[in-house]
Amino acid sequence: MFPTPIEKTSTASQTFYKIALPIALIVWLLPLLAVALTSIRSAGDITAGNYWGWPTSFNLLENYTAIFENTPIGKYILNSFKVTIPTVIGAVALSCMTGFALGVYRFKSNLPVFFMFVAGNFVPFQILMVPVRDLSLNLGIYNTTMGLALFHIAFQTGFCTLFMRNFIKAMPYALIEAARVEGVSEIKIFWYVVMPLMKPAIAALSVLIFTFIWNDYFWATVLTQGADTQPITAGLYSLNGQWVAAWHLVSAGSIVAAMPPVLMFFLMQKHFIAGLTLGAVK
Amino acid sequence: MKTYWKKNQQRLAPWLFLAPGIAMFAIYVIIPIFQSMSISLYAWDGLGEKEYVGLSNYVELMDDDAFYTSLKNNVIWLVLYMLAIPAGLFVALFLNQTVRGIRIYKSLFFFPFVISQVVVGLVFSWFYDPNFGLLNIALQAIGFDPIAVLADEDWVTYGIIAAGLWPQTAYCMILYLTGLNAVDPEQIEAARLDNAKGFKMLWYVVLPQLKPATFIAMVVTVIGALRSFDLISIMTDGGPWGSSRVLAFYMYEQAFSEYGFRMGYGAAIAVVLFLIMMVYITAFLVKMYRDERGL
């Protein structure tokens, strides 16, 4: 193990480590802690410039109910779910199939098709922006959560295919061979032999895509406008414009926006990390 | 029909499974790339008739100061964003222990990556606020004058990059933490017997084993640097006076913002950005191709 395990070092450095750890964490998360603290301050504290002192009153409930009552933040959150959940389902479903095709079968254009997905996944968003917006306008799905979700499904299929294909490629091929010898059709092999083994990959991708899409801001501004369709990231930006100097509300809004992916991460940590490393570092 | 399927299903099945994925990807990703290239040869406001103007959008770019500012900022982003890799390694080494509660520490350190860049941007605009921001309180405490980071042409890009490095470092940290788990303990012990320690051990024994993690960290960091848009849009909207723009942001601004809808000119900027990214994409694909052949 590297570096040297702390329990094998001198007592002095052990104590030092135990003190340094929480301090480092507080410094690392200081900006976030400040936001959390501000989100429970009163408007009076904000106007008086009391940002860092002890709050004069704790307005946890007031501030959080205020943002839900006075702003469309609830709508924004709902829109975020309406974009994120279909995207997760769609992209994972499509990539289970593409990953299966590219991971199991040998055919001439296998690598070129695979590389197309991988390369497409890395292109800058801006080169897609004008045509995708135009396409959505022509299809009549501009400024709808479905239009945004459809684009995300398509784009995320690139990354998901990379992940699924590598995962399936690492599975024992003998299993598929054996099923073929038994005369099982290819479609049944996919459904009954391979799919059950893909559960961990599906879980990993789902959490990862959930976070990516929840946090997407660029496409939200390109393909949607207004509180009826915009997800929380874009919504928070426009609320920030309205709440000039109402920092306690901005902070509460930020915390609400950050909650779902944070919860997702904490509940599904193991899968999340497996997904992030693209399965390459085991 | 049925017998044809039975005979050929191993040849047909992959295309059947690929069809929906390829169709979606072609419609929304592959075809738009070429459409953008074609739009870059036109003058177009997004609604009316397109007018073919040849390469004149690109010629205009060559003389556009804002384009060079954006390009320069993109280079700064690329170079400085790389700091996330050693920083992430450093944090990972610090946390790679087995004391009580370390798992929670690791997850909390990873926090900045999970939250949206919109939130990160808001948090940092606040951190930099010249009146009450923590940065300036700290600066004043040690006797410096306050700096309005985001309103200062010389500081603004660095200020935004620092905000971006926060989540990116967390990302690299998690890559290295997983990598460190896979480091071969026997090699470390053997090296210890040979009296290797500290930096030498890290450089000659540990880092070579972390190569896959470093590779992925580089890929995601380069992509992240070239995709930088959210933070700039949230923190400064390109300002002050356009000094914090990068190509991704400038393109958006040209194509649809209050300054007018210059789709053709925006597309030309996007093509330049795409070509820069293509260098990295090609390098990545070449490496992948080698790995595939090596298997």
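Select B:V59, which counts as exposed because 12 C-beta neighbours lie inside 10 Å. The cut-offs are 20 or more other C-beta atoms within 10 Å of a residue's own for buried, 12 or fewer for exposed, and partly exposed in between, with C-beta atoms placed from the backbone. B:V59 is found in helix α2 (residues 56-62) of chain B. Helices here are DSSP runs (H or I, at least four residues), as are strands (E, at least two), numbered from the N terminus.

This is a predicted model, in which local features need pLDDT of at least 70 and side-chain atom pairs count only at pLDDT 80 or more, while totals for chains, interfaces and linings use all residues. Residues are numbered from 1 along each chain as its sequence is written, and chains are lettered from A and ligands numbered from 1 in the order in which they are written.

B:V59 and B:L273 are separated by 214 residues in sequence, yet by 16 Å in space, C-alpha to C-alpha. The average for chain B is 88, and 98% of the residues score at least 70. For the complex, the predictor gives an ipTM of 0.89 and a pTM of 0.90.

Now turn to chain A. Chain A has 14 helices and 0 strands. Its radius of gyration, taken over C-alpha atoms, is 24 Å, well over the 19 Å that the globule rule (2.2 Å times the number of residues to the power 0.38) gives for 282 residues, so chain A is more spread out than a compact globule. The C-alpha trace of chain A spans about 75 × 65 × 30 Å along its principal axes. Of the 282 residues of chain A, 46% count as buried.

Within chain A, select helix α1 (residues 11-38) and helix α13 (residues 247-267), whose axes come within 8 Å and cross at roughly 115°. Axes are lines fitted to C-alpha atoms, for helices over the stretch in contact, and angles run from 0 to 180 degrees between N-to-C directions. The contact (C-beta atoms, placed from the backbone, within 7 Å) is made by A:V35, A:A36 and A:T38 of α1(A) and by A:W247, A:H248, A:S251, A:S254 and A:I255 of α13(A).

Finally, display both chains together. The contact between them takes 78 residues from chain A and 78 residues from chain B.

How values were computed. Two residues are in contact if their C-beta atoms, placed from the backbone, lie within 7 Å. pLDDT is the predictor's confidence in each residue, from 0 to 100.
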